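Q: Please take a close look at the pockets of this structure, and at what lines them.

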Amino acid sequence: MAVVYEKSKGLTDAELHYCPGCHHGIIHKLVAETLVELGLLDGAIGVCPVGCSVFAFKYFNCDMLEAAHGRAPAVATGIKRTHPDQAVFTYQGDGDLASIGAAEIVHAAMRGEKFTTIFVNNAIYGMTGGQMAPTTLIGQRATTCQEGRTVQQAGMPIRVAEMLSTLDGCVYAERVCVTDIANLNKAKKAIKTAFQKQMAGEGFTFVEVLSTCPTNWGLTPVKAVEWLKENMIPYYPLGVIKDKGLEVR
């Protein structure tokens with residue numbers, strides 16, 4: 001029988017622990033396929049966050065390290081500076097990166113550290129029970145804002161990709177989603193570009209992926225995708241936000 005599809009060699013055979021409808025598995029697949037297609041898998045080094053993807057070291061078939069909450073960019077900085085010829089990436093959620101790790105990611109981008117960050121934004125703290133995150137939308141309910149986030153109490157949600165794009169050391173920032181095949185293909189292209197620019201020595205590269213969290217949003221997987229399209233994309237617009245330096249696409 002002809003093989004029409006097989007699991008990427010960039011992933012292990014471990015069963016994913018993510019909730020039904022969560023997009024982490026899809027995003028893992030795109031990163032893994034990219035590392036294989038670019039010939040980077042054998043030398044790649046990833047850094048896991050604290051959050052829903054805390055066990056990512058079980059799933060990526062390359063060297064992986066676990067960082068303290070929010071500190072993945074600092075760990076990746078040390079790795080890339082001591083292994084400058086290897087592909088280094090952090091894989092982080094919005095609580096890990098945009099809250100406790102905000103200073104780490106800002107200063108890594110400011111310094112132009114030559115690693116890639118895959119930032120998964122589902123607008124809520126997933127693993128710890130659905131608390132409000134820095135990316136939670138105005139009016140969106142969470143366990144710590146049960147009537148919905150307000151500007152008066154918490155300010156406006158952070159657009160991380162736009163914020164980092166203002167820093168000179170950040171050479172590439174793009175926001176994507178994986179809600180359908182067309183957007184999945186755009187996400188794969190963005191991730192590939194980010195790694196290519198990293199390996200060309202251009203500087204810090206960043207891909208933000210809008211993701212669903214059906215469990216904490218209280219929605220079915222299908223409804224969660226609809227909610228993302230209707231609510232997240234208008235506030236977090238898709239597309240290239242910054243592309244500085246050598247064009248590789």
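A: In this predicted model, the element that gives the largest share of the lining of the largest pocket is helix α3 (residues 94-100), with three residues. The lining of this pocket is made up of 18 residues in total, and those lying nearest its centre are Val50, Gly51, Cys52, Gly95 and Gly126. Sorted by class, the lining of the largest pocket holds seven nonpolar, nine polar and two charged residues, and the space inside this pocket comes to about 190 Å³.

The second largest pocket has a volume of about 160 Å³. Its lining consists of 16 residues, and Tyr18, Cys19, Cys52, Gly126 and Met127 are the closest to its centre. Helix α8 (residues 214-217) contributes the most to the lining of the second largest pocket, again through three residues. By class, eight of the residues lining the second largest pocket are nonpolar and eight are polar, while none is charged.

One further residue may be followed in detail. Asn121 belongs to strand β4 (residues 116-121), and Asn121 counts as buried because its relative accessibility is 0%, where the cut-off for buried is under 20%. The side chain of Asn121 makes a polar contact of 3.0 Å with the side chain of Glu208. When neighbours within four places in sequence are left aside, Asn121 is in contact with Asp94, Thr135, Glu208, Val209, Leu210, Ser211, Met232 and Tyr236.

Conventions: Residues numbered from 1 in each chain as written. Predicted model: local features only at pLDDT ≥ 70, side-chain atom pairs only at ≥ 80, totals over all residues. Heavy atoms only, no water. 1 Å grid on protein atoms, 1.4 Å probe; cavity = no way out; pocket = protein on both sides within 12 Å on 5 of 7 lines; lining within 4 Å. Points joined across faces, edges and corners; volume = space filled by probe spheres on them. Helix = DSSP H or I, 4+ residues; strand = E, 2+ residues; numbered from the N terminus. Nonpolar A, V, L, I, M, F, W, Y, C, P; charged D, E, K, R; others polar. Buried < 20%, exposed > 50% of the residue type's maximum accessible area, 1.4 Å probe, protein only. Polar contact = N/O pair within 3.5 Å; in protein donor to acceptor, adjacent residues only side chain to side chain. Contact = heavy atoms within 4.5 Å.
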